[in-house]
Amino acid sequence: MLQNLLTIFFFFSLGYIYKKLKIFPQEYSKSYIDFIMYVGFPALVINNIYHLKFTSDVYLILLSGWIAIIVNIFFSYQVAKLLKLNRESAISFVMVATFANTGFLGYPYILSLYGPEGLRYAVIFDNVAMFLPIFLMAPILISFAKKEEKLFKIDLKKLFLFPPFLSLLIALALKPFPLPNLVLKILDILGSTVIPLILFSVGMNLSFSAVGRNLKPVFTVLFIKHLILPLSFLSVILIFGVSLTLPWKVAVLELAMPPMVLASIFVIEANLDKDIAVSSVALGIVLSFLTVPLIYYILENMV
């Protein structure tokens, strides 16, 4: 495990160091992210979903993921009220305390800790139990923050044309058909570029400029996101007598990922509390190098 985590840390640190030394201008990272989103991610998603076996556990982790998100929205909002945050800050708090970076950081962690089979479950969980919920729920939460009677528009066209989600639909459509080995090989090669590029680009984009403000709500966000949410989820499924098969372990670990970058983008675009969102994302990435191994250790040794 340690060797795999050090590999993740190496690529992540390399991006941050290259930015600090100005070896690569930070604007270069946009090209990396564009490649990831429009080439690497689609190939990785199609390849993994095409080979994924849809067992009952797969459907259950997706359903449970939705339930966990909905419950955590209400829980984190109550915590935000206890912190006496105004409504806009409270919804910003809720967004980053609930939605996890199950793609850009989830994929590298899951691949390192649970291998290619675990990655297949991470891909389906990321798209169906994390990306889809935030895309549908974020407009509702933002409308509540803005005290508007009319909901922010849910752009279904943007949802279905989002490259990883569109790739998921394509992969599901292709599952009944045999694909040529050459196609599978190309998908595998392109998909294999994603993990190092993700980590490098995340490192290049890491910024702590807003961390000094709102430390109390930010650390509370991270306590909920990294520990309370995954451990509560784990406790509930154990109470219900669920056997911790690989899909369930992946689901728990995905919920333990740091706050989602897309959540902070929604917050910024809606002019909510940018500082809470950006600081939570930045500190969460660094903190994940401690908390994700902790949750993994609990999954493998204490339950």
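Predicted model: local features only at pLDDT ≥ 70, side-chain atom pairs only at ≥ 80, totals over all residues.

User: Why are H5 and H12 called roughly parallel?

Analyst: Helix H5 (residues 106-146) and helix H12 (residues 261-269) pack at an angle of about 25°. Angles under 35 degrees count as roughly parallel, so H5 and H12 get that label. Their axes are 11 Å apart, and H5 passes H12 in a right-handed crossing.

User: What makes the contact of H5 with H12 nonpolar, polar or charged by class?

Analyst: From H5 come Phe 131, Ile 134, Ala 138 and Ile 142, and they meet Leu 262, Ala 263 and Phe 266 of H12. Phe, Ile, Ala and Leu count as nonpolar, therefore the tally for this contact is 7 nonpolar, no polar and no charged residues.

User: Which residues are closest to the centre of the largest pocket?

Analyst: That pocket has a volume of about 1400 Å³. Among its 47 lining residues, Phe 104, Val 261, Leu 262, Ser 264 and Ile 265 are the closest to the centre. H5 and H12 turn up again here: each supplies at least two residues of the lining. By class, the lining divides into 29 nonpolar, 10 polar and 8 charged.

User: And how many residues of each class line the second largest pocket?

Analyst: There it's 12 nonpolar, 3 polar and no charged residues. The volume is about 320 Å³, and Ile 67, Ala 68, Ser 232, Phe 233 and Val 236 are the closest of the 15 lining residues to the centre. Helix H3 (56-82) and helix H10 (215-239) are the elements that give two or more residues to this lining.

Methods
Residues numbered from 1 in each chain as written. Heavy atoms only, no water. Axes fitted to C-alpha atoms, helices over the stretch in contact; angles between N-to-C directions. Helix = DSSP H or I, 4+ residues; strand = E, 2+ residues; numbered from the N terminus. Parallel < 35°, antiparallel > 145°, perpendicular 65-115°, else oblique. Left-handed = near helix turned anticlockwise from the far one by under 90°. Contact = heavy atoms within 4.5 Å. 1 Å grid on protein atoms, 1.4 Å probe; cavity = no way out; pocket = protein on both sides within 12 Å on 5 of 7 lines; lining within 4 Å. Points joined across faces, edges and corners; volume = space filled by probe spheres on them.
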